[in-house]
Amino acid sequence: MVYGQNSFFPRELLTPTTLDDWTREANFQRAHLIRDDEALDWAMKNCEDNQLPDINVEPAQGKFMSLLCQVVGVKRVVEVGTLGGYSTIWLGRGVPEDGKVITMEISPKYAEVARQNIEHAGLSHKVDVLTGAAADVLPTIGPDHSFDLIFVDADKKNNPTYYREAKRLVKKGGIIIVDNVVRNARTSNMSVQGAPDIDGVRALLKIVKDDKEVDATTLGTVGEKGYDGFMFCRVLP
Ligand code: DHB
Ligand code: MG
């Protein structure tokens, strides 16, 4: 079945919203649900001072992953793509004191900023920041099937490679989350051709479609960084 226009909500009531609406809404929700946070503010300022690109996950998504870790009892995490460690801090908070987050970053400069941010957040004992291309670093991590959650948020064109490694590392019954699978609805816009990031997301979706060992869904995200989405994937026990 192909889902089309919803027949209950008349289309004229579903007025188009804009990036300004999404940003206002994200801030409104956040003001109620996500407390002011010295460590995260410090991290964001450090990222800005060091001119890191402003492409970290939004607070809503970071906190979602932290809550997920706590609810599910996630202890061991691999993160592909550290950037400045913003999502890493949320994940580090989600795992228990004897938990571990292994994260990797291709840029030595970004990795150093991330280490500072993680140290300032008091999470260095739970987090290892590895420097190098994820395609080279991931094969050095193990043992196989020893991690509860893999979060993939790096260069999108290599998503198929990262997914293959995530499948090797994650426990049966574990979770793989991939950020940025919607890309402002360009993923499904077939007039977009030859964009390596979109090709990487489409290739990943095709792999997951044919993968009988997993069950997955897309959770749309919308906010100050536009319309995007998490792919949430359960590796079957
Ligand atoms: C980009 C990368 C991300 O991980 C993200 O969340 C948003 C944008 C990018 O490379 O454009
Ligand atoms: Mg991302």
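Author: A word on naming comes first: helices (H or I, at least four residues) and strands (E, at least two) are DSSP runs, numbered from the N terminus. This is a predicted model, in which local features need pLDDT of at least 70 and side-chain atom pairs count only at pLDDT 80 or more, while totals for chains, interfaces and linings use all residues. Residues are numbered from 1 along each chain as its sequence is written, chains are lettered from A and ligands numbered from 1 in the order in which they are written, and side-chain values use heavy atoms, with hydrogens and water left out.

Reader: Which elements each supply at least two residues of the lining of the largest pocket?
Author: They are α4 (86–94), β2 (100–105), α6 (134–137) and β7 (226–235). The largest share, 3 residues, comes from β7. A pocket here is, on a 1 Å grid over the protein atoms alone, an open set of points where a 1.4 Å probe fits, with protein on both sides within 12 Å along at least five of seven lines; lining residues have an atom within 4 Å of a point.

Reader: How much space lies in the largest pocket?
Author: About 690 Å³, a volume being the space filled by probe spheres set on the grid points, which are joined across faces, edges and corners. The lining has 35 residues, and the closest to the pocket's centre are I55, D153, A154, K156 and N180.

Reader: Where does ligand 1 sit?
Author: Ligand 1 sits in the largest pocket, meaning that more than half of its atoms lie within 2 Å of the pocket's grid points.

Reader: Which residues are around ligand 1?
Author: I55, D153, K156, D179, N180 and R183, each with a heavy atom within 4 Å of the ligand. A polar side-chain atom of D153 is 2.7 Å from an oxygen atom of ligand 1. For K156, a side-chain N or O atom lies 3.0 Å from a ligand oxygen, and for D179 the distance from a polar side-chain atom to a ligand oxygen is 3.2 Å.

Reader: Changing topic, which peptide bond is cis?
Author: The bond from G142 to P143 is cis, with omega near -5°. P143 lies in the loop between α6 and β4 (147–152).

Reader: And what is phi of N180?
Author: Phi of N180 is near 65°, a positive value in a residue other than glycine. N180 lies in the loop between β5 (170–178) and α8 (196–209), and N180 is also one of the residues around ligand 1.

How values were computed:
A polar contact is a pair of N or O atoms within 3.5 Å; within protein, one must be able to donate a hydrogen and the other to accept it, and residues adjacent in sequence count only if both atoms are side-chain atoms.
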